[in-house]
Amino acid sequence: MPRLSVEDLSFSYRDRRVLHGVTFSVDAGEVLGLVGPNGCGKTTLIRCVDGMLTPDGGRVMLDKRAIRTMHRREVAQAMAYVPQSAGNRTAATVFETVLMGRRPYLNWTVNRTDEEKVVAALDALDLGDLALRKVGELSGGERQRVMIARALVQETGAILLDEPTSNLDVCHQMGVMEVLRGLAEEKGLSIVIALHDLNLAATYCHRLMVMKAGAVYGYGAPDEVLTEEMLRAVYGIEAVVKRDLAAPYMVPVRSGSLRGGA
Amino acid sequence: MEQNVVIQEGYARLKKTRALFIGGLLAALVILVGIAVTLGSADFTVAESYLAILAGLFPGTFTAPEMAEIIVWDYRLHRVLFAVCAGFGLAVAGSVMQGILRNPLASPFTLGVASAATTGASIAIVLGAGVVGGDYLVIGNAFLFALLAALAIYGMARYRGIGSETMVLAGIAIMYLFSAVTSLLQYVGSAEQLRAVVFWTFGSVDKSTWPKLAIVSLVLACTIPYLLYRAWDLNALAEGDEVAAGLGVPVERSMIVFMMIASLITAVIICFTGTIGFIGLVAPHITRMAIGGDFRTLLPASGLVGALLLLGADSVARSVLAPQVLPVGIVTAFLGVPFFIYLFMHRRDA
């Protein structure tokens with residue numbers, strides 16, 4: 001029984017259909033990568049899964065409970081959400097920003113246990129030295145780690161992240177993905193990440209789901225999903241997919257420049 | 001492990017700084033109240049004014065010169081306390097609006113609530129029309145129009161989908177609309193009416209009375225504890241709608257409730273004072289610069305900063321050209337803006 005399962009989900013903005021017939025599941029300890037071109041519905045899907053948007057049809061089950069029947073606070077205790085470019089506006093310290101992740105459990109006061117949980121999350125993401133700095137002063141990669149730390153102190157079984165690596169250099173991209181994969185495997189978390197970088201997704205995700213125009217085009221292990229045919233059909237690009245490393249990776253090719261034997 | 005202790009100690013220090021800041025502001029306010037009560041044509045000392053206040057509160061225990069007690073209780077104290085409450089309320093309303101709209105320029109004034117109140121007052125002054133008659137004609141109109149503006153902002157945001165940007169845009173549109181109506185009324189009004197409207201827009205606490213003070217303090221007593229109770233939700237909303245939703249805050253409902261409360265606080269104050277700008281905009285900024293943005297401490301602290309600013313400005317307004325009293329709105333801008341710019345230029349992370 002998977003921890004998070006989405007069955008036949010559909011959603012429309014007014015009369016424009018954005019998602020239809022989306023079905024997938026995520027097990028404990030698994031990282032699922034959502035990939036697809038701009039506007040294919042990745043962000044909308046994540047918002048529907050988290051219950052921020054109400055789907056027209058289908059259902060989202062988390063730990064055998066339907067999200068639709070849960071109170072917002074209960075959802076926040078079961079599933080954390082890291083929106084795109086979160087934390088850009090934060091004027092608070094790293095400690096306080098992460099502490100806010102306890103909000104689904106807090107009434108007013110913060111007790112010792114809450115503080116200790118924050119310290120542990122900071123520790124896990126190697127943010128101890130930055131705890132008392134303001135989030136606004138940090139680099140993009142550090143800020144993203146703060147957002148992940150906040151999701152961690154929510155103590156949920158599942159975490160949804162919307163393009164956590166956008167605006168990061170390749171070193172920080174790998175750093176963030178490394179942390180997420182590690183958390184999934186060590187703590188048995190179910191993680192769903194919307195990503196643009198296919199090579200990053202193939203390297204760090206257990207499974208990939210390719211979306212095209214609001215529907216699932218392909219779903220499976222990176223080896224099965226990342227193919228030249230998929231890139232042509234979904235992105236409309238010519239690329240070569242190499243399989244000489246542990247994970248497949250794609251190299252885009254300028255039209256007309258593909259040489260025989262390449 | 002050692003680092004963990006350092007982090008927790010650092011956070012404890014931050015909490016202590018905040019408590020000290022609030023304590024310091026409270027002490028400063030008590031002192032300023034004592035000084036403000038001595039200001040006026042009848043001369044008595046700060047000690048006498050404290051005694052007069054205490055004598056009124058505990059008649060058997062304390063005694064003060066009879067004259068001082070009469071002047072303090074009948075003429076001065078309600079004005080001083082009104083300035084404290086008005087400053088407190090405007091600053092809290094500004095903090096809430098800046099927080100949930102995530103816009104440093106948000107305040108009751110930039111969102112059209114105040115310009116709507118001015119329009120309401122102008123209609124009463126120029127056309128003599130209003131919902132309630134008599135002494136409360138101008139006040140009633142100002143109050144109703146302020147709430148009307150808040151409802152209009154809410155209506156537009158609701159239609160378009162409630163988000164902070166929609167609310168700010170709707171607020172600015174509303175501000176221009178009501179300003180135009182006020183200008184039209186000023187254009188058609190007589191010279192005397194024009195003078196009355198303009199004077200109303202200056203803002204002052206001259207017309208305070210004990211009953212008015214009671215109304216304002218009652219509204220503050222009902223709303224501010226609720227805002228404090230939901231401080232974590234305000235913290236989450238200040239980070240963004242999506243972050244707040246992800247942390248379990250019902251975003252739309254909360255935005256509406258907070259906007260309505262901030263508008264109600266503003267409306268009940270400015271209907272008695274006219275437009276006192278600047279406090280609601282600047283007090284939250286000053287406070288955030290000093291102790292950060294946690295609403296659990298930001299709300300009371302910025303309220304106290306607002307109270308100090310307004311009472312300080314009113315004291316200057318009463319004494320600088322005595323016996324002439326300047327409109328306090330002018331003084332808040334003259335004193336506060338340079339101070340604010342100074343802070344702003346010296347603190348990068350504002």
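In which crossing, left-handed or right-handed, does α4(B) pass α7(B)? Hold that for a moment.

Ground rules first. This is a predicted model, where local features need pLDDT of at least 70, side-chain atom pairs count only at pLDDT 80 or more, and totals for chains, interfaces and linings use all residues. Residues are numbered from 1 along each chain as its sequence is written, while chains are lettered from A and ligands numbered from 1 in the order in which they are written.

Helices and strands are DSSP runs, numbered from the N terminus: H or I with at least four residues for helices, E with at least two for strands.

Back to the opening question. α4(B) passes α7(B) in a right-handed crossing. Right-handed means the near helix is turned clockwise from the far one by less than a right angle; anticlockwise is left-handed. α7 of chain B covers residues 191-202, and its axis is 10 Å from that of α4(B), at an angle of about 155 degrees. That angle makes the two helices, α4(B) and α7(B), roughly antiparallel. Axes here are lines fitted to C-alpha atoms, for helices over the stretch in contact, and angles run from 0 to 180 degrees between N-to-C directions. Under 35 degrees counts as roughly parallel, over 145 as roughly antiparallel, 65 to 115 as roughly perpendicular, and the rest as oblique.

Who meets whom? From α4(B): B:T118, B:A121, B:S122, B:I125 and B:V126. From α7(B): B:Q193, B:A196, B:V197, B:W200 and B:T201. Contact means C-beta atoms, placed from the backbone, within 7 Å. By class, this helix contact has six nonpolar, four polar and no charged residues. The classes: Ala, Val, Leu, Ile, Met, Phe, Trp, Tyr, Cys and Pro are nonpolar; Asp, Glu, Lys and Arg are charged; the others, Gly among them, are polar.

Next pair: α3(B) and α8(B). α8 of chain B is residues 210-229, and its axis comes within 10 Å of the α3(B) axis, crossing at roughly 30 degrees. The two helices, α3(B) and α8(B), are therefore roughly parallel. This crossing is left-handed. On the α3(B) side, the residues include B:L81, B:F82, B:F88 and B:V92. On the α8(B) side, they include B:W210, B:L213, B:V216 and B:L220. The contact has 13 nonpolar, three polar and one charged residues.

Now the core. The largest nonpolar core has 196 residues, and B:A117 and B:A146 have the most contacts inside it. Such a core is a set of buried Ala, Val, Leu, Ile, Met, Phe, Trp, Tyr and Cys residues joined through C-beta atoms within 7 Å. α3(B) gives the largest share, 20 residues. Leaving aside neighbours within four places in sequence, the contacts of B:A146 include B:V113, B:A116, B:A117, B:I270 and B:C271.

Burial has cut-offs too. Buried is 20 or more other C-beta atoms within 10 Å of a residue's own, exposed is 12 or fewer, partly exposed is in between; C-beta atoms are placed from the backbone.

Two chain B residues fall in between. B:R102 sits in the loop between α3 (66-101) and α4 (113-127). B:R102 has 16 other C-beta atoms within 10 Å, so it is partly exposed. B:R102 and B:E239 are 137 residues apart in sequence, yet 7.6 Å apart C-alpha to C-alpha. B:M260 lies in α11 (251-273) of chain B. B:M260 is also partly exposed because it has 16 other C-beta atoms within 10 Å.

Over to chain A. A:V118 lies in α4 of chain A. A:V118 has 29 C-beta neighbours inside 10 Å, so it is buried. Beyond four places in sequence, A:V118 contacts A:F95, A:V98, A:L99 and A:V153.

Two loop residues deserve a backbone check. Most residues other than glycine have a negative phi. A:R14, between β1 (4-13) and β2 (16-26), has phi near 50 degrees. A:R14 is exposed because it has 4 C-beta neighbours inside 10 Å. A:K64, between β4 (57-62) and β5 (65-66), has a positive phi of about 70 degrees. A:K64 has 8 other C-beta atoms within 10 Å, so it is exposed.

Last, the interface. Chain A puts in 30 residues and chain B 26. On the chain A side, α2(A) gives the most, with four residues. That side has 18 nonpolar, four polar and eight charged residues.

Definitions and conventions
Two residues are in contact if their C-beta atoms, placed from the backbone, lie within 7 Å.
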